[in-house]
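Please read the points below beside the sequence and the model. They are set out as a colleague's note, with the cut-offs given where each term comes in.

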Amino acid sequence: MTHTLPNCPQCGSNFTYADDPNYICPECGHEWPQAANTETSDALVVKDAHGNLLQDGDSITVIKDLKIKGSSSVVKVGTKVRNIRLVDGDHNIDCKIDGIGAMSLKSEFVKKA
């Protein structure tokens with residue numbers, strides 16, 4: 001039988017057990033939530049220029065004029081973008097901007113609206 005429960009973060013013991021919402025270590029008595037262990041491991045963490053956490057479907061505002069590569073167009077300061085999608089990579093926001101179309105933006109140039 002393989003041990004699928006995490007080791008205790010406090011003492012490192014592998015004798016932990018699950019008790020409904022928490023994991024419990026019988027050796028040191030430390031308790032920690034089960035939900036935090038599963039959610040943080042797969043979640044993509046993206047923050048805006050002010051440190052606010054962004055999520056899929058959020059609305060953002062551009063805080064700097066952004067030149068569009070290969071075009072003479074510019075995304076102006078104050079442009080509002082709705083329904084963003086977070087992706088992994090350097091340009092970590094995929095969105096559609098009215099009048100321009102589909103774009104990828106860096107989170108350091110936007111703020112949460």
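1. A polar contact here is a pair of N or O atoms within 3.5 Å, where within protein one must be able to donate a hydrogen and the other to accept it, and where residues adjacent in sequence count only if both atoms are side-chain atoms. On that basis, a polar atom of the T16 side chain lies 2.7 Å from the backbone oxygen of P6. T16 sits in the segment before β1 (17-19), strands being DSSP runs of E with at least two residues, numbered from the N terminus. T16 is buried because its relative accessible area is 5%, the limits being under 20% for buried, over 50% for exposed and in between for partly exposed, with a 1.4 Å probe and protein chains only.

2. On provenance, this is a predicted model, in which local features need pLDDT of at least 70 and side-chain atom pairs count only at pLDDT 80 or more, whereas totals for chains, interfaces and linings use all residues. Residues are numbered from 1 along each chain as its sequence is written, and side-chain values use heavy atoms, with hydrogens and water left out.

3. S71 belongs to the loop between β7 and β8 (74-75). S71 has a relative accessibility of 40%, so it counts as partly exposed. A polar atom of its side chain lies 3.1 Å from the backbone nitrogen of S73.

4. Three strands form an open antiparallel sheet in the order β10-β11-β12, where two strands pair if DSSP finds at least two bridges between them. Its edge strands are β10 (85-86) and β12, each of which pairs on one side only. Between β10 and β11 there are 2 bridges, and L86 has I93 as its bridge partner in β11; between β11 (residues 93-97) and β12 there are 5 bridges, with S104 as the partner of D94.

5. Both connections in this sheet deserve a look at the backbone. The hairpin of β10 and β11 has 6 residues between the strands, and G89 there takes a positive phi near 135 degrees. The hairpin of β11 and β12 has 3 residues between the strands, and G99 in the turn has a positive phi of about 85 degrees.

6. The largest pocket has a volume of about 270 Å³. A pocket is an open set of points on a 1 Å grid over the protein atoms alone, with protein on both sides within 12 Å along at least five of seven lines, and lining residues have an atom within 4 Å of a point; the volume is the space filled by probe spheres set on the points. Its lining includes K64, H91 and F109, and β7 (66-67) and β12 (101-105) each supply at least two residues, with β12 giving the largest share, 3 residues. The lining divides into 5 nonpolar, 2 polar and 5 charged residues.

7. The structure holds 1 aromatic pair. Y23 and W32 form this tilted pair, at 5.6 Å centre to centre and 45 degrees between the planes, where rings of Phe, Tyr and Trp (its six-membered ring) pair if their centres lie within 6.5 Å, with planes under 30 degrees apart counted as stacked, over 60 as edge-to-face and the rest as tilted. Both Y23 and W32 are buried.

Terms used:
1 Å grid on protein atoms, 1.4 Å probe; cavity = no way out; pocket = protein on both sides within 12 Å on 5 of 7 lines; lining within 4 Å. Helix = DSSP H or I, 4+ residues; strand = E, 2+ residues; numbered from the N terminus. Nonpolar A, V, L, I, M, F, W, Y, C, P; charged D, E, K, R; others polar.
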